[in-house]
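Me: I would like to learn how to read a structure feature by feature. Could we take one and go through it together?

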Amino acid sequence: MTQNSLDTLLIHGGLTTDSKTGAVNTPIYQTSTYAQTALGKNLGYEYSRTKNPTRDGIESLIAELEGGKFGFAFASGMAAIGTILSLFKSGDKILISSNVYGGTFRILDKVFCNFNIIYEIVDMRDYALLESVITPEVKALFIETPANPLMSVVSLQKLVQIAKAKNLLTIVDNTFMTPYLQRPLEFGVDIVLHSATKYLGGHSDVVAGLAVVRDESLAQKIGFLQNSIGGVLAPFDSFLLIRGIKTLGLRMQRHCENALQIAEFLRAHNGVKKVYYPGLKDDEGYSIHNEQARGGGGMISFELQETYDYKKFFESTKFIVLAESLGGVESLLCHPASMTHASIPAEIRAKVGITDNLIRISVGIEYVNDLIDDLTHAIEQAKR
């Protein structure tokens, strides 16, 4: 699909025009249940945990945007991940990326381990190593590319090739890229996940999760789990998500433009030790990323020099807010070691490079020179 076609699909895709009234905005069907015409007869809806017309809108929309056939909407990104992990049974093992989102690590390490669903952390950039640790117990690869927070990039095509040879499921968290920049299903990935709270909603006013698949059998299993576990997205939040997605293309263009300029600024600053951004041509993952995505995205991580106080840095910004989350119109700062990845043991953080001086910035759509001035001031104030 061309980028121009995707721009149009963001606005007109899915079941987002009301067939009954012609309303161009999906109505909010704020109802828990539906009248039945007779025993066993209804108009396609019985109970809103199972199916709701507003949720149908966002589920069909994300399916189209990702190039899938079946979409599922959840009350949060973690509800989506938890439901997908419920596909597995006792004794199964899942391989996860070495700097995966801390919430994904936590739910595996603290929740699903209680059901004897185990995990192993693997640097998926080392394809030989990955193949060597695939045992009969391994049932899936859980992938982030770029990964959170070090923006490491892996080849979706290569990982799918390895997984299919071993009959493994491939699950990709596509939150950072969105379908506007990267569509993993096109590379043969089985399941795509989103914390739709982030770029898809785009305005820091909704918490949501999404999943997309192409395979009907897999969709039936996920649909059963979605209804059984019940962590579904509410009608009003579904409406907000549809509304947010309409401007995704415009926002992602500005996020990418701003992020590239800021990454170049940070790379040239004496107070910055290292910049992680796959949109930079000298980034380790640039060539692979450029083959499977249409832009560097809006997420940057950078490491301050040891002579700088990261705590003082966070106290010194004016526009850029220190807060959890990412992907909104406003720029947000995060300290991965104590925020998003605090649940990961310190020794694992140190091993993969999540240091105390590592800072993650979700670059917003503000005037980029104001953001650069803000960062310049904060870095100067942080110098010991």
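This is a predicted model: local features need pLDDT of at least 70, side-chain atom pairs count only at pLDDT 80 or more; totals for chains, interfaces and linings use all residues.

**Cysteines, sheet, helices and cores**

Me: Are cysteine 256 and cysteine 334 buried or exposed?

Reply: Buried means under 20% relative accessible area. Cysteine 256 has 13% relative accessibility, so it counts as buried. Cysteine 334, at 1%, counts as buried too.

Me: Next, the sheet. What is the order of its strands?

Reply: In a regular strand the side chains alternate between the two faces of the sheet. Here seven strands form an open sheet with mixed pairing, in the order β1-β7-β6-β5-β4-β2-β3. β1 and β3 (118-122) are the edge strands, each pairing on one side only. On average, neighbouring strands are turned by 20 degrees against each other, direction ignored.

Me: Which pairs show the antiparallel and the parallel sense?

Reply: β1 pairs with β7 (residues 209-213) in the antiparallel sense over five bridges, and glycine 71 has valine 212 as its bridge partner in β7. β4 and β5 (residues 169-173) pair in the parallel sense, over five bridges; there, leucine 141 is partnered by threonine 170 of β5.

Me: Why is strand β1 largely enclosed by the rest of the structure?

Reply: Strand β1 (residues 70-74) is largely enclosed because four of its five residues are buried.

Me: How do I read a helix, and which residues of α10 are buried?

Reply: An α-helix has 3.6 residues a turn, so residues three or four places apart point the same way. Helix α10 (residues 248-268) reaches 30 Å from its first C-alpha to its last, close to the 30 Å expected. Its buried residues include Leu248, Met252, His255, Cys256, Ala259, Ile262 and Leu266.

Me: Finally, the core. How many residues does the largest nonpolar core have?

Reply: In soluble globular proteins, nonpolar side chains tend to be buried together. The largest nonpolar core here has 57 residues, with Ile58, Leu95, Leu141 and Leu241 making the most contacts inside it. Elements that each supply at least two residues of this core include β4 (138-144), β7, α9 (235-245) and α10. Apart from it lies another core, of 28 residues, among them Val272 and Leu375.

Note on methods
Residues are numbered from 1 along each chain as its sequence is written. Side-chain values use heavy atoms; hydrogens and water are left out. Buried means under 20% relative accessible area, exposed over 50%, partly exposed in between (1.4 Å probe, protein chains only). Two strands pair if DSSP finds at least two bridges between them. The expected span of a helix is 1.5 Å times one less than its number of residues. A nonpolar core is a set of buried Ala, Val, Leu, Ile, Met, Phe, Trp, Tyr and Cys residues joined through side-chain atoms within 4.5 Å. Axes are lines fitted to C-alpha atoms, for helices over the stretch in contact, and angles run from 0 to 180 degrees between N-to-C directions.
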